[in-house]
Each structure stands twice: as C-alpha cells, then as structure tokens.
Amino acid sequence: MASGMEWFFTALGAVVVIYYGVKLLRFTRMLYPKRWFPLPKSFFLSMGEWAVVTGASEGIGRQYAFVMAEQGMNVVIMSRTKVTLDKVAKEIRESTGRMVKVVVADFTKDNIFTDIEEELKFLDIGVLVNNVGMVPSVLPQRFLEDEDLDQTIVRVINCNVRTMVKMCRIILPGMENRRKGVIVNIASGIASIPFPMYSLYAASKIFVERFSQGLQAEYKDKGIIIQAVSPFGVSTRMVGYQPTNRTMLSPQDFVKSSLQYIRAGDKTYGTICHMVLGWLLLAIPSKILHTEFMLQGLKKYVERKQAGKKSSSVIVEA
Ligand SMILES: NC(=O)c1ccc[n+]([C@@H]2O[C@H](COP(=O)([O-])OP(=O)(O)OC[C@H]3O[C@@H](n4cnc5c(N)ncnc54)[C@H](OP(=O)(O)O)[C@@H]3O)[C@@H](O)[C@H]2O)c1
C-alpha cells in the first residue's frame, strides 16, 4: 500500500504537470491567434464609427490610427504638434478615404480635458487607444538625479497615468450605453518587474496594467473589451529609431500583431517575441537584476548607444 509520502509526491507531481500543461496550452493559443481569438472582418467597425488615438502623430499611435482607418473607422488623432497631426490626417484621408479629426493637446498640462470632451461630444466612439506616454529622461538615472524633478513627476504622471484614466472617464460612458467598445491601453514590458533607473516610468506603466485589468473585470459583462498591451522594443522616436530585428519591431509589425490578440485577455505583450522576453525578465531573480553592478551596466550600455547616435531621442528599450 502506498505510503502517505508516496501519495504526497504523486499529488505534487500531478499538480506540477497540470500547472505546466495549462501554461503550455495557453502559450500554444498565443502561437495561433487567428485560430484561437478570431475576429470577424468588420470587428472594429462594428464597435462604432470612430476610433480615438492619443499620441497619434508618430510611432505606435500613428500606426494604430492608420490601421483603424483601414478597418473602415473614422479617426480622432491627438498629440501636441498640429503640423505633424495635419500631415498624418492628410495621409490617412488620402490612403483610406476615412474622416480624420485632429485634436491638439499637451497631455502633461492641467485643465485640458474639458476641451477634449467637447471635441469628442456626439461622436460614436467604438475604439479608444490610450497610447501616449513619455519617459522622464534619455539616460537611465536614479530618481533624485533628475534636474527638474518636481516638474518631471507631474509631467510623467499626467501623461502616462492621468491621461489614460481621464480618456476612459470621457469615452467609457458612451460605450457602456451602447454595450460595446474596445479600449487598448499601452503599458510597457519593463513594467513586468520593478525597473531601477527608470522607476517612475515603469511604475506609471504598471498603473496602466492594473487599471486596465480591474476595469476589464468591471465592464466585460457590458460587452466592452479593455486590454493593457505591454511591448518591449518598438522602433520609434522614443527609442531613437533603433534598427529593427527579432525583438525590436517596426510599429507596423507590432500593431498588426497586437490587434490579433485583442480577445486574448486583459493583458498581452502584443507579440510572441515580447511575451518570451517578459518571461525571461521575470525569470531573472531581482537579487541579480537589482545589483549595483547591473545598474551601472545598464547605464553604461545606454550611454554607449546614446553616444553612437546623433538623435536626441531616448535610447533605452522602453
Ligand atoms: N517604443 C517602444 O519601444 C515602447 C516600448 C514600450 C512601451 N511603449 C509605449 O508606447 C507608447 C507610444 O510610444 P512610441 O514609442 O510610439 O512613442 P513616440 O514615437 O515618441 O511617439 C509618441 C507620440 O505621443 C505624442 N506625445 C508625446 N508627448 C505628448 C504629450 N505630452 N502630449 C500629447 N502628445 C504627446 C507624440 O507627438 P508630439 O511629440 O507631437 O506631441 C507622438 O505622437 C508610449 O506609451 C510608450 O510608453 C513604447
């Protein structure tokens, strides 16, 4: 007769097999998004007539705006620079024939949301992409090393945190009334762990994740999809337009991939390669990652890359 010890180890083994079996199954699902999370052809358009994208004059946001217009939606594009927004609007109109509304706004500033709400009034908004985000500094630095710390705190929290919450505050009620809608909130892969030398940025992005996940639980029964998307490297101004490779994706490839996972849960990395990077990051013990040696190594690595570039943009893979 099996002893208590044998039963214990058999049960433990079974639990481990089931645990990793489920993980493997989930991973396999991510390999075949079209099969596991199929989207009808007019999925986004069926959510509403308009898509709203923040930080849409460049990079990832610009690409989301283009793709939404290609899906047949009219788009509202928002950022600080009118001339760039007008150029993007013209390109979208010419290539897709959709309507584009330009809203100029600096999301680091106070008292902008009454005007934004006014601009969006009466639009049937089916998709909101909360994309805008900023890093506090070009180079990795300790919190107190910022030269204008009080301003930086306000700017980063306003841009990365408050804007997402306020845009949801403005747009979610309409989606709730119509019982449909999609909200994509762009977080960051580095928020998977406490990330020293970019602590404020990484913490602001974990807010994005947690808020999205909580909100999804609150509103999923109302037909609304709310998802945090957490990329690692995407070749944009924010990372100094680093050359693309297997992990540093073009905005086109990243956005195309991320939209395939829109029904894959309340948080995704947007692509398989970034999901694997996330796992690897989580697997490294923080006792190693957070050593002074590693922090200095990160600093030197980014400084070296920065020195090799003329661009004044941020070099770290945000
Ligand atoms: N690129 C990456 O590797 C990466 C990785 C992880 C997460 N992310 C996240 O992805 C999102 C998009 O990043 P990105 O790489 O596409 O950045 P990007 O190329 O620097 O573009 C940022 C966009 O936001 C606008 N913007 C910046 N500050 C603004 C402000 N204060 N008010 C209004 N608009 C503002 C910019 O236009 P104006 O300058 O004209 O205002 C631009 O359209 C961000 O949330 C970022 O944190 C990026």
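Author: Gladly! Keep in mind that this is a predicted model.

Reader: How do you know that helix 4 has the span expected of it?

Author: Helix 4 runs over residues 82-96, which makes 15 residues. The expected span is 1.5 Å times one less than that number, or 21 Å, and the helix reaches 21 Å from its first C-alpha to its last.

Reader: Which residues of helix 4 are called buried, and what makes a residue buried?

Author: They are Leu-85, Val-88, Ala-89 and Ile-92. A residue is buried if 20 or more other C-beta atoms lie within 10 Å of its own.

Reader: Why are they said to line one face of helix 4?

Author: Seen down the helix axis, these buried residues fall within an arc of 105 degrees, so they line one face. They pack against helix 3 (59-70), strand 2 (74-79) and strand 3 (100-104). The face turned away from them carries exposed residues, including Lys-87, Lys-90 and Glu-94.

Reader: Why is strand 5 described as largely enclosed?

Author: Six of the six residues of strand 5 (181-186) are buried, so the rest of the structure largely encloses this strand. Gly-181, Ile-183 and Asn-185 point one way, while Val-182, Val-184 and Ile-186 point the other way.

Reader: What makes strand 4 and strand 5 a pair?

Author: A pair needs at least two bridges, and strand 4 (residues 125-130) and strand 5 have four, in the parallel sense. In one of them, Leu-128 has Ile-183 of strand 5 as its bridge partner.

Technical notes. Residues numbered from 1 in each chain as written. Predicted model: local features only at pLDDT ≥ 70, side-chain atom pairs only at ≥ 80, totals over all residues. Helix = DSSP H or I, 4+ residues; strand = E, 2+ residues; numbered from the N terminus. Buried ≥ 20, exposed ≤ 12 C-beta atoms within 10 Å, placed from the backbone. Arc of directions from axis to C-beta. Contact = placed C-beta atoms within 7 Å.
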